[in-house]
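Reader: I would like to go through this model and ask what stands behind the terms used for it.

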Amino acid sequence: MLRRSLPRRPEARRILLGTLLSAIGRGLTLPFLFIYLTDVRGLSDPRAGLVIGWYGAVTLALSPLGGTLIDRFGARRVVLPSLLIEAIGTGSLALVDSTASAFGVATVIAIGGSAIWSGQNTILASLTADDERQRVYGLNFALLNLGIGVGGLTSGAIVDVARPVTFQAIYLLDALSYLTPAVILLTLPHVGHRLAAGAAGAKTGGGGYLTVLRDRPFRRLVIFGLVLTTCGYAQIEVGFTAYAVRVAEVTPRVVAWALAGNTLMIVLSQLLVIRRMEGRSRTGALAVVGAVFATAWLTLGAAGLIGTGNALMAALGVVACAAIFGFGETMLSPVMPALTNALATDELRGRYNAMSSMIFGISGVIGPVTAGPLIGAAGGKVWVAVVVGGCLAASLIALSLRPLLTAIQDGRLAAPADRTPEPTPA
């Protein structure tokens, strides 16, 4: 299944290798930023939260600019400096010693990270044909989670709050990991340039984001994504953890096991899910994702009802919720970027991918802000009802998208296999 999921072009395979190696570095630091800022560098909890929130806000604000620059100059000229800036910013976290320096470093990291995801998705789209794109995006997501899991296990054995140098070490290693995909991209001089069609000026910048938003199928896809991620992904960091600890009354260690189970589910099932989804409706798959996410939250709600009455069953419910949610992710991760790029034109592909990545940024602001008050109402029952209802509403939106798509865009009809694009530098 791995061999079947690999892209045909060797350049795309090397890009995927860069994703895996950089994800290991990301996994080293992902769980520890809040702990590092508070317990090691002495920031108060509110100030550390503001720093993290500021990073998200800056990233979200700059994402549209990143998409525009990708379309105008090519993904290569945007991703390479972005990776370098991200490496400098991440490495500088090791030197943070005050609130002001933390805000400064978070700003640098946000500037670098604002265009990396959309740029890399654009590069992968330029290196893959329509008939293989969904498999490649799914494999990319599996490698991302595998790398984060390996990095997280490694840093868990290294870091020690009493020894700040251990945190400094993982941030420096994370910085080095961001240089890996940059080096790989430098070895591929013909990859990531603006397409010649865009240079000819046929549609370049034709309306920009207004043109993207006038695309009715894509606009419906964005609405679906906002509803699903607000009631899904955006609830993992705050809603899931808060409900599990405060309502289901499990220990933080159980939450850690649950997140590990989520990663394990993704890594073990992604390739099988990709294979089973071939030739099936993408909108149907998105509808199933909403139902799966709703099932995960219902399972967590059941764990909350059990609570301390049966600590073992509550813990199993929390872990099962994360695992079920991970299964839904394995369907969403290949379909969402594949459908985005099936709707995109080469001239506006960077903007389409930037808009798609902004979905997660917007929901990442809405979700955490609303989770706390909702969990505090009626013992968490209101929160469960809202997120379950939101996920099911997203399923209906996905089904309403099907009539707006062609059979090829929806994945029901395979695209010709001989359409692998050969990007030509402008």
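Author: The model is predicted. Its largest nonpolar core has 62 residues, and L221, F224, F240, V250, W297, V318 and W383 have the most contacts inside it.

Reader: Which elements give two or more residues to this core?

Author: They are α11 (209-214), α12 (216-231), α13 (236-247), α14 (252-277), α15 (282-306), α16 (311-343), α17 (349-375) and α18 (381-401). The largest share, 12 residues, is from α16.

Reader: What does V318 touch, not counting residues up to four places away in sequence?

Author: With those left out, V318 touches F240, A244, A248, V250, V254, A258, L300 and A303. There is also a second, separate core of 30 residues, with I15, I123, L124 and L271 among them.

Reader: How do you know that the span of α18 agrees with its number of residues?

Author: The 21 residues of α18 should span 30 Å at 1.5 Å a residue, and the end C-alpha atoms are 31 Å apart, so the two agree.

Reader: Which residues of α18 are buried?

Author: W383, V384, V387, V388, G390, C391, A394, S395, I397, A398 and L401 are.

Reader: Why is T29 called buried?

Author: Its relative accessibility is 3% and the cut-off for buried is under 20%, so T29 counts as buried. T29 is found in helix α2 (residues 10-29).

Reader: What makes the pair of T29 and D174 a polar contact?

Author: The contact joins the side chain of T29 to the side chain of D174 at 2.9 Å, and the cut-off is within 3.5 Å. Not counting residues up to four places away in sequence, T29 touches I170, Y171 and D174.

Terms used:
Residues numbered from 1 in each chain as written. Predicted model: local features only at pLDDT ≥ 70, side-chain atom pairs only at ≥ 80, totals over all residues. Heavy atoms only, no water. Core = buried A, V, L, I, M, F, W, Y, C linked by side-chain atoms within 4.5 Å. Buried < 20%, exposed > 50% of the residue type's maximum accessible area, 1.4 Å probe, protein only. Helix = DSSP H or I, 4+ residues; strand = E, 2+ residues; numbered from the N terminus. Contact = heavy atoms within 4.5 Å. Expected span 1.5 Å × (residues − 1). Polar contact = N/O pair within 3.5 Å; in protein donor to acceptor, adjacent residues only side chain to side chain.
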